[in-house]
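Subject: Structure for your review

Hello,

Please find the structure below. My notes on it come after.

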Amino acid sequence: MEYFFFIVRRLMWSLLVLVGLSIVIFMIARVVPGDPARIALGPLATTEQVANLRHKMGLDRPLYVQYAVYIGGLVRGDFGQSLLTQRSVALDLRTAFPATLELVLATIVIATLLGIPTGVLAARFKDTWVDNIGRVVSLLGVVTPSFFIALLLQLLVGYYLHFLPVNGRLDPSVSFTPDITGLVLVDALIRGQPGVWFDGLRHLLLPAISLAAASLGQIARITRSSMIDVSRKDYVEAARAFGIPDLVTTFKYMLKPSFIPTLTILGLEFASLLGNAFLVEMVFGWPGMAAYGVRAILHKDFNAIMGVVMITGAFFVFVNLLIDVLLGTVDPRIRIRGARS
Amino acid sequence: MTVSGPNKGGPVLRVDDLRVAFSTFDGVADVLSGVDLEVHPGQRVGLVGESGCGKSVTMRAIMGILASPPARVRGRITFAGEELLTMGRAQRQALKGTAMSMVFQDPMTALNPVFRIGEQLTDVVRWADRRRGLRRTASERRARILEVLGQVRLPDPERIFDAYPVQLSGGMRQRVLIAMALLNRPRFLIADEPGTALDVTTQDEILRLLNELVRDEGLALLMITHNLGVVREMTDYVYVMYAGNVVEHGTTDAIFAAPAHPYTRALFACVPKLSGGRAYAGIEGTLPDYTRPPEGCRFHPRCPHAEARCFERPPSFDLGEQHHSACWLHAPTEAKS
Ligand SMILES: Nc1ncnc2c1ncn2[C@@H]1O[C@H](COP(=O)(O)OP(=O)(O)OP(=O)(O)O)[C@@H](O)[C@H]1O
Ligand code: SF4
Ligand SMILES: [Mg+2]
């Protein structure tokens, strides 16, 4: 029951964070110099035309009214019109966001599936060559900027070896619109198009690996250190003293408690993951939020900027909420007491 | 003394010249330097000594849970007539938590916080069954667990079975740990200061319960403790350890009637602290550094009676049929008490 309130409390906080975020971004976007109507119409437009557009966009009204109007739309899922594409921002985001989401999901899958075993192995064979290799690789992953890894992979695997494509989500010759979930790999499966699925996977691999390196290293490091930490606990000694087999002790009685710090870190990792995703997207011409967002900023496309920031923010807040719920699932102390002790 | 089991008359556990060293950053720590002890069927044996004297290391060596490296174990540990240190890994593993079992000390840390009590206990039974080739259904195992939870007088075993450790009090968790030790019907139990982490009243209850269970089941018990009151009440025989050596041993009555070794006398001279306090105010100085232990009698730097021959290691001298001291003061040629 306390856990329920704990989640509700977290939910409230998340909403509050999003409201705060919207206010801050709204203000920043309006305060920076440069008249969006003027930028949209170009230097040749008359003052009258600009004033007209300003009126049409509501820019001549008080700031709080503008904000209220904006929020009103937001609640209905309307992010307003993009000045640049002349389309609804919501529509633009419907294609851009799933692209980023697909990349980030693939990254997390790769990072956890490889990071946790690496950490477990390093802890199990602590201070041996296995551990040393694991540690060096993890550290390299953490300290190397992901856009650098992206460029390196692009050069090596893409240009020289021609193993994998280095640009976009799908080959230009493939005509496929992911119109169900927006995720190519999922939609291709649903539509039963293995060729498209495979092409999507090939395009996804390099960007996802570049992005995963840092998180993989971080997960491996945290898993290693918490496994070592846990291995010294009395309950692990107890499992040994009662003849529970080594593998069961390691993968059941040690890994589950070790997973708690890993999950916590994953939530924090997520912010930098999103940031890096923008850079990696640029390198690989990935049609996600990065390209869209950068264009919006350069053109002072208010509604598009707001849309990108709000979606990213909501995504971040949602993931952290999810991690809180997962933590509660793994750790009964959180579920039962609403706190760890 | 009740005698049972295949090794009629012989001890359940016999430790001969047990030596344990650890490689550490400061060099080799020579912790146990030749520990001998015996536990007979149905006997309750106490192991006392100040903090750091090697009680837990002895217990871990017996249970076979010293990680090596860094530990190096030498000597002989015979259980039910079989030599533990040289037997095969599988055979050794098969004994753990079955014929020889252990009650863990700290109820707050010895249970895994993220698994239900029932699941942890079930694993203890299931893997022991598998090693012994015992076929039991899940519900038979559950029934056994509920039975033992009742035996340690936990109210509502069903609820305990489904609970997480965090939902139980310290006293209840300690009972769960006792239940865990009893699940596979051991013949020999090691208890490392059970209940010292609890408040005095609860600890008292726990010890009384343990005492009863050990008596009822006719178990042999090796109990590690700081508390001389507990030793007097709960044991038949006592080993006193100092810096990795047994310095005096004998029946509880004999030792309490006439503690002989200078270390034991100092130990008995100070009243033990309530919650198993770790300081013995009556003894000057501290335990030696195990990487550079004193030669001969390891107690000589702190001993008021130390003399030249104490730089050689004293053997164990008989003070009576069931009372022995490793101190030169008790060498038979000298007419001293
Ligand atoms: N894994 C290890 N590596 C190095 N030294 C160790 C290790 N385990 C124990 N020791 C050392 O062995 C000595 C005896 O430790 P032990 O835990 O047996 O003491 P104890 O008699 O049980 O004390 P307490 O009453 O505090 O539990 C200590 O000096 C300790 O530092
Ligand atoms: S042997 Fe010597 S130093 Fe050791 S306890 Fe006896 S008198 Fe003291
Ligand atoms: Mg100890």
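The notes cover the interface first, then some single residues.

This is a predicted model: local features need pLDDT of at least 70, side-chain atom pairs count only at pLDDT 80 or more, and totals for chains, interfaces and linings use all residues. Residues are numbered from 1 along each chain as its sequence is written, chains are lettered from A and ligands numbered from 1 in the order in which they are written, and side-chain values use heavy atoms, with hydrogens and water left out.

Interface of chain B and chain A

The size of an interface is often given as the accessible area lost when the parts come together. Here chain B and chain A bury about 2,400 Å² between them, with 65% of it on carbon and sulfur atoms; buried area is the accessible area (1.4 Å probe) that two parts lose on being put together, summed over both. On the chain B side, Phe104(B), Val114(B) and Val166(B) lose the most area to chain A, and together they make up 24% of what that side buries. In residues, the contact (heavy atoms within 4.5 Å) takes 28 from chain B and 23 from chain A.

There are 3 salt bridges between the two chains, where a salt bridge is a side-chain nitrogen of Lys or Arg within 4 Å of a carboxyl oxygen of Asp or Glu. A salt bridge joins the side chains of Asp123(B) and Lys252(A), at 2.7 Å from N to O.

The elements that give two or more residues to the side of chain B that touches chain A are helix H1 (55-63), strand E6 (100-103), helix H3 (117-132) and helix H6 (170-182) of chain B. Helices (H or I, at least four residues) and strands (E, at least two) are DSSP runs, numbered from the N terminus. H3(B) gives the most to that side, with 6 residues.

Helix H1 of chain B

In H1(B), 7 of its 9 residues are buried, that is, under 20% relative accessible area, with exposed over 50% and partly exposed in between (1.4 Å probe, protein chains only). Among the buried ones are Lys55(B), Met59(B) and Met63(B). Just after H1(B), Gly64(B) takes a positive phi of about 75°.

Single residues

Thr107(A) is in helix H5 (residues 89-124) of chain A and counts as buried because its relative accessibility is 0%. Not counting residues up to four places away in sequence, Thr107(A) touches Ala208(A), Leu211(A), Ala212(A) and Leu273(A).

Gly275(A), in helix H11 (residues 246-283) of chain A, is partly exposed, with a relative accessible area of 40%.

Two residues other than glycine have a positive phi and may interest you. Lys300(A) has a phi near 55° and is in the loop between helix H12 (289-298) and helix H13 (302-330) of chain A; at 7% relative accessibility, Lys300(A) is buried. Asp17(B) has a phi of about 50° and is in strand E1 (residues 13-24) of chain B; at 36% relative accessibility, Asp17(B) is partly exposed.

Regards
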